[in-house]
Amino acid sequence: MTDPALAVADAHRREWASVLAATVRVTRDLDLAEECVQEAYAQALVAWRYAVPARPGAWLTTAARRRALDHHRHAAVAQRALPLLVVDEVAPEPAGPPPDDLLALLFTCCHPALTAEARVALTLRLLGGLSTPEIARAFLVSEPTMAARLTRAKKKIAAAGVPFRVPASDELPRRLGGVLAVVHLVLTTGHTAPTGAALVRDDLLDRAHDLARLLRSRFPDDPDVAGLLALVLLTDARRATRTDPDGGLVLLADQDRSRWDAAMIADGRALVLEALAARPVGRYAVLAAIAAVHADAPSFDATDWPEIVGLYDVLAARWPSPVVDLNRAVAVGFADGPEAGLAALDALTGEPRLAGYGYLAAARGELLRRAGRPEEARTALEEAAALAGNDAERDLLDRRLEAVEG
């Protein structure tokens with residue numbers, strides 16, 4: 001007998017976004033669509049007790065859409081306030097692919113009428129299937145705050161009359177960049193969880209993969225899409241080696257490179273070359289090129305750190321950010337020695353956007369340790385441990401502290 005709870009959990013992880021996107025087209029209402037999909041999953045817990053359907057996603061979609069139609073048959077629901085979504089009835093451009101509900105939902109979640117924080121939160125909720133408490137933990141805010149943020153985002157979509165469709169060609173240049181930024185944030189949040197016991201959020205990384213590949217299939221000639229997918233692949237190729245069997249963080253220098261995903265690296269490398277050939281070169285292409293340098297190095301000691309410093313110079317010149325400057329300083333520390341890295345970090349000590357940023361203290365502690373300045377290293381590592389977001393990072397910093405004190 002199949003365990004229905006396990007089957008439903010697996011279907012939630014794999015099918016949630018597709019089922020919801022298909023249901024939205026029937027309901028034209030984000031809240032109602034979510035309600036119907038949740039009811040379909042609850043129904044599956046009972047219906048799948050003795051047999052799981054061959055196509056769980058299709059079963060769930062059918063059940064959710066039936067629920068939606070039932071809701072629409074009731075006068076009270078039919079007379080609800082204005083729907084939250086307007087389904088665009090305009091036919092797609094003749095030369096383009098057929099409409100894609102999942103892609104339409106992604107563009108809806110990333111509409112420019114929403115703030116950047118709301119776009120990410122709504123994407124994680126509707127396409128990632130995360131609960132409100134999970135998203136709240138990812139953003140380090142309270143559950144009521146996140147619930148209110150999601151509600152405001154949906155209401156703003158309603159007020160703006162956002163159409164449920166993939167934007168037309170003339171809209172894409174100003175819309176696609178926001179979507180790529182959201183997928184990138186999903187990737188970084190999954191790669192290193194901002195809080196919690198685990199270092200990696202597999203569900204977010206899987207969703208970043210799905211969304212990046214979806215965008216690539218729809219926009220195969222866009223170099224920024226190619227660069228983002230390359231970054232996803234090259235970053236996540238190391239997932240299996242980033243933690244030990246107990247969930248502890250394993251630094252890049254100590255990872256077993258033979259276990260890196262060679263197929264993902266090869267695909268990512270090819271996409272990097274494609275993205276770098278475009279002019280002007282995009283931000284994600286440069287970030288992916290940095291990941292490719294790490295992937296190409298046979299060992300940590302053989303890493304081409306001067307090349308990485310040069311790529312960070314490109315980022316700093318075209319997309320300035322204190323985090324870019326911090327990463328560049330770390331690379332300088334490996335290319336030219338820890339004292340040179342510390343000098344680069346010293347230039348960032350007055351940056352207000354890095355105040356309370358644990359990685360600055362962690363980087364300084366490591367460079368001080370390598371420079372043979374243990375007392376200063378201990379102070380920096382203590383600060384980094386106090387600021388660490390997740391348990392795996394905190395445990396690693398505690399181990400570093402013990403080594404320095406020993």
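This tour moves through the model by selections, from aromatic pairs to salt bridges and then to a charged surface patch.

The model is predicted, so local features need pLDDT of at least 70 and side-chain atom pairs count only at pLDDT 80 or more, while totals for chains, interfaces and linings use all residues. Residues are numbered from 1 along each chain as its sequence is written, and side-chain values use heavy atoms, with hydrogens and water left out.

**Aromatic pairs**

A pair of aromatic rings is described by the distance of the centres and the angle of the planes. Here rings of Phe, Tyr and Trp (its six-membered ring) pair if their centres lie within 6.5 Å, and planes under 30 degrees apart count as stacked, over 60 as edge-to-face and the rest as tilted. By this rule there are 7 aromatic pairs. Select Trp48 and Trp59, which form an edge-to-face pair with 5.4 Å centre to centre and 70° between the planes. This pair links distant parts of the chain, 11 residues apart, with Trp48 in the loop between α2 (30-47) and α3 (56-73) and Trp59 in helix α3; helices (H or I, at least four residues) and strands (E, at least two) are DSSP runs, numbered from the N terminus. Trp48 counts as buried, at 1% relative accessibility, whereas Trp59 counts as partly exposed at 25%, where buried means under 20% relative accessible area, exposed over 50% and partly exposed in between (1.4 Å probe, protein chains only).

At 15% relative accessibility Phe300 counts as buried, and at 30% Phe334 counts as partly exposed.

From Asp304, find Ile290, which is 14 residues away in sequence and 9.9 Å away in space, C-alpha to C-alpha.

**Salt bridges**

The structure holds 25 salt bridges, each a side-chain nitrogen of Lys or Arg within 4 Å of a carboxyl oxygen of Asp or Glu. Select Glu171 and Arg165, whose closest N and O atoms are 2.9 Å apart in a salt bridge; Glu171 counts as buried at 17% relative accessibility, while Arg165 is partly exposed at 23%. Asp236 and Arg239 meet in another salt bridge (2.7 Å, N to O), and Asp236 counts as buried at 6% relative accessibility. Arg353, by contrast, is exposed, with a relative accessible area of 61%, and forms a salt bridge with Glu351 at 3.0 Å between the closest N and O atoms. Finally, select Asp31, Glu34, Arg125 and Lys154 together to see a network of salt bridges that links them.

**A negative patch**

For the last stop, select Glu382, Asp395, Asp398, Glu402 and Glu405, which gather in a patch of negative charge on the surface. Such a patch is made of residues with over 30% relative accessible area and no salt bridge, like charges being joined within 9 Å. Helix α19 (residues 391-405) gives the most to this patch, with 4 residues. Asp398 is found in helix α19 and is partly exposed, with a relative accessible area of 32%.

How values were computed. Patches are made of residues with over 30% relative accessible area and no salt bridge: like charges are joined within 9 Å, nonpolar side chains (Val, Leu, Ile, Met, Phe, Trp, Tyr) within 5 Å. Accessible areas come from the Shrake-Rupley method with a 1.4 Å probe; for residues, only the protein chains shown count as cover. Lys and Arg count as positive and Asp and Glu as negative; His and the chain ends are not counted. The place of a charge is taken as NZ of Lys, CZ of Arg, CG of Asp or CD of Glu.
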